[in-house]
Amino acid sequence: MPAEPGGPGVLRPDITFAYGAAAGLAGDLLLGDPRRGHPVAVFGRAAAAVERGLWRDHRGWGALHTAVCTGGAVAAGALAAACARRSRAAAVALTATATWAVVGGTSLGREARAIGGALAAGDIEVARERLPHLCGRDPQALDGPGIARAVVESVAENTSDAVVGALFWGAVGGVPGLVGFRAVNTLDAMVGHKSPRHRRYGWASARLDDIAGWPGARLTALLATASGGDPRGAVRAWRRDAAKHPSPNAGPVEAAFAGALGVRLGGTLSYGGRVEHRPVLNGEAGRAVEVADIERAVRLSRRVGVLALAVCAGGRLAAGALRRRRS
């Protein structure tokens, strides 16, 4: 392993990220998420405790909640990285552990396949029971095709949120970037929705998630276009329909997945009794989502995740080499 000039046992940060992120993603592919004691769940409980103490129906208090929780996660990641940086093995192990903890591609695929298996067996009630594990849609308002479409949309969006975005910010900021992005994404899921309680309080978390998710969403859409079955269709859907989506980050990702898979996404959705009429993505060239498209979406998601690792690790190594040449 190449050592950093500052010490014989210290890895360069770019090498540390490359080795650690590869090991962490491999751990996710082999093991998935832990059944108990997941670090993200621990963070969620801590964030909920902070909310109980700070909640006011006010944007300023919500911004403070976001700053405390995100700042605490980043600070903890920075402290852990500082403690591990003098040891090659410890630095790589910490990066690998953080990567494994924050990415969730394997669990995403397992949940999607479980719902797809229930739909293929004709057991729509089981599919409805499992859907909340994957997304916030109202399962009772969906028939079989509606559930299949919701699963494909969730696989697309979570490929960005649970895999690519984390790898991008890990390449930028190391362990603090990994845990910071996951903290932002988790807070958005907890308080960033437009419920009466969180309409104002969760505003800062939702906006920060939009900002943090922007680069990962575009990288996800680009990689889905490159590795999908119909690159031209993906580009066409991305350019024509992404801006129609109410989310600035889900739009490019879902449109690119829709074009790559040759299906239609979007349309009428229901969240906890609230109905949204969203534009259809890839409506001109795509067909209705079928159960078999769930497996195709999961495979595309996995290809995108592996390519994202190569791009992010390669980019971090290239940036490190450029800095060394200039110094």
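Biologist: Is Trp169 buried, exposed or partly exposed?

Modeller: Partly exposed, because its relative accessible area is 27%, and buried would need a value under 20%. Keep in mind that this is a predicted model. Phe168 also counts as partly exposed, with a relative accessible area of 25%.

Biologist: How many aromatic pairs does a search of the whole structure find?

Modeller: Two. The general idea comes first. A pair of aromatic rings is described by the distance of the centres and the angle of the planes. Now take Trp55 and Tyr201. Their ring centres are 6.4 Å apart and their planes meet at 40°, so this pair is tilted.

Biologist: Where do Trp55 and Tyr201 lie?

Modeller: Trp55 is in the loop between helix 2 and helix 3. Tyr201 is in the loop between helix 7 and helix 8 (203–227). The pair therefore ties together parts that are 146 residues apart in sequence. Trp55 is partly exposed, at a relative accessible area of 27%. Tyr201 is buried, with a value of 0%.

Biologist: What are the distance and the angle for the rings of Phe168 and Trp169?

Modeller: The centres are 5.3 Å apart, and the planes stand at 90°. That pair is edge-to-face, because its angle is 90° and the cut-off is over 60 degrees.

Biologist: Rings can also face a charge. Which residue lies over the face of Trp61?

Modeller: Arg56 does, at 4.7 Å from the ring centre.

Biologist: On to charged pairs. How many salt bridges does the structure hold?

Modeller: There are 16. Read each one by its distance, then by where the partners sit. Arg324 and Asp14 form one of them, at 3.2 Å from N to O. Arg324 belongs to helix 11 (residues 292–326) and Asp14 to helix 1 (residues 13–31), so this contact ties together parts 310 residues apart in sequence.

Biologist: Is Asp14 buried or exposed?

Modeller: Buried, with a relative accessible area of 3%.

Biologist: Which residues do the salt bridges that share partners join into one network?

Modeller: Arg240, Asp241, Lys244 and Glu284.

Biologist: Now the open spaces. About how many Å³ of space lie in the second largest pocket?

Modeller: About 410 Å³. The lining has 21 residues, and the closest to the centre are Pro39, Val40, Phe43, Ala73 and Val179. Helix 2 (39–54), helix 3 (59–84), helix 4 (88–102) and helix 7 (144–191) are the elements that give two or more residues to the lining.

Biologist: Which helix gives the largest share of the lining of the second largest pocket?

Modeller: Helix 3, with seven residues.

Biologist: What is the lining of the second largest pocket by class?

Modeller: It has 17 nonpolar residues, three polar and one charged.

Biologist: Back to single residues. Is Ala166 buried or exposed?

Modeller: Buried, at 0% relative accessibility. Ala166 sits in helix 7. Contacts across the chain can be read from C-alpha distances. The C-alpha atoms of Ala166 and Ala98 are separated by 10.0 Å, while the two residues are 68 apart along the chain.

Biologist: Is Asn282 buried or exposed?

Modeller: Asn282 counts as buried, because its relative accessibility is 3%.

Terms used:
Residues numbered from 1 in each chain as written. Predicted model: local features only at pLDDT ≥ 70, side-chain atom pairs only at ≥ 80, totals over all residues. Heavy atoms only, no water. 1 Å grid on protein atoms, 1.4 Å probe; cavity = no way out; pocket = protein on both sides within 12 Å on 5 of 7 lines; lining within 4 Å. Points joined across faces, edges and corners; volume = space filled by probe spheres on them. Helix = DSSP H or I, 4+ residues; strand = E, 2+ residues; numbered from the N terminus. Nonpolar A, V, L, I, M, F, W, Y, C, P; charged D, E, K, R; others polar. Phe/Tyr/Trp six-rings, centres within 6.5 Å; stacked < 30°, edge-to-face > 60°. Buried < 20%, exposed > 50% of the residue type's maximum accessible area, 1.4 Å probe, protein only. Lys NZ or Arg CZ within 6 Å of the ring centre and 35° of its normal. Salt bridge = Lys/Arg side-chain N within 4 Å of Asp/Glu carboxyl O.
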